[in-house]
Amino acid sequence: MEMKIKCPNCGMESYNPNDIENKYCGNCHAFLEDIQIGFLNEFSYLMGQVMGTLSKPEVRKAMIDRKGVTDTQIEKFEAAAKSLINTVCYE
Ligand SMILES: [Zn+2]
């Protein structure tokens with residue numbers, strides 16, 4: 001079986017042994033690890049935005065009133081999001 005790598009950013013596959021060894025995407029001119037870290041940072045930023053929005057009482061109230069979400073569900077979501085952000089940032 002031939003070795004290949006696939007870039008998570010552009011989806012390009014490479015059979016080039018140098019690319020495989022260095023885990024490099026010639027199309028993005030970036031190392032796959034850096035691309036993944038970029039994704040994680042973006043993800044953690046977005047989760048932070050969501051958390052910030054949720055902490056506003058008017059947003060929380062609107063979710064509960066209009067979407068039928070309960071306070072407990074929001075708290076569970078916040079706890080899950082917090083632990084995800086911590087995982088992304090500190091591991
Ligand atoms: Zn790429």
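1. The cut-offs here: a residue is buried if 20 or more other C-beta atoms lie within 10 Å of its own, exposed if 12 or fewer, and partly exposed in between, with C-beta atoms placed from the backbone. His29 sits in the loop between S3 and strand S4 (30-31), and has a positive phi of about 55° although it is not a glycine. Most residues other than glycine have a negative phi.

2. A word on the source before going on. This is a predicted model, in which local features need pLDDT of at least 70 and side-chain atom pairs count only at pLDDT 80 or more, while totals for chains, interfaces and linings use all residues. Residues are numbered from 1 along each chain as its sequence is written.

3. Lys23 is another non-glycine residue with a positive phi, here about 50°. You will find Lys23 in the loop between helix H1 (17-22) and strand S3 (24-25). Lys23 counts as partly exposed because it has 16 C-beta neighbours inside 10 Å.

4. Please have a look at Asn9 too, in the loop between strand S1 (5-6) and strand S2 (13-14). Asn9 has 15 other C-beta atoms within 10 Å, so it is partly exposed. Leaving out residues up to four places away in sequence, Asn9 touches Cys25, Cys28 and Ile35; a contact means that the two C-beta atoms, placed from the backbone, lie within 7 Å. Asn9 and Cys28 are 19 residues apart along the chain, and their C-alpha atoms are separated by 7.8 Å.

5. Now the chain as a whole. The protein chain has four helices and four strands, in the order β-β-α-β-β-α-α-α from the N terminus. Its radius of gyration is 19 Å, well over the 12 Å that the globule rule gives for 91 residues, so the chain is more spread out than a compact globule. That radius is taken over C-alpha atoms, and the rule is 2.2 Å times the number of residues to the power 0.38. Helices (H or I, at least four residues) and strands (E, at least two) are DSSP runs, numbered from the N terminus.

6. Along the principal axes, the C-alpha atoms of the protein chain fill a box of roughly 55 × 25 × 25 Å. Buried residues make up 3% of the 91 residues.

7. Finally, helix H3 (residues 57-67): the number buried among its 11 residues is zero, so H3 lies largely in the open. Just after H3, Gly68 takes a positive phi of about 70°.
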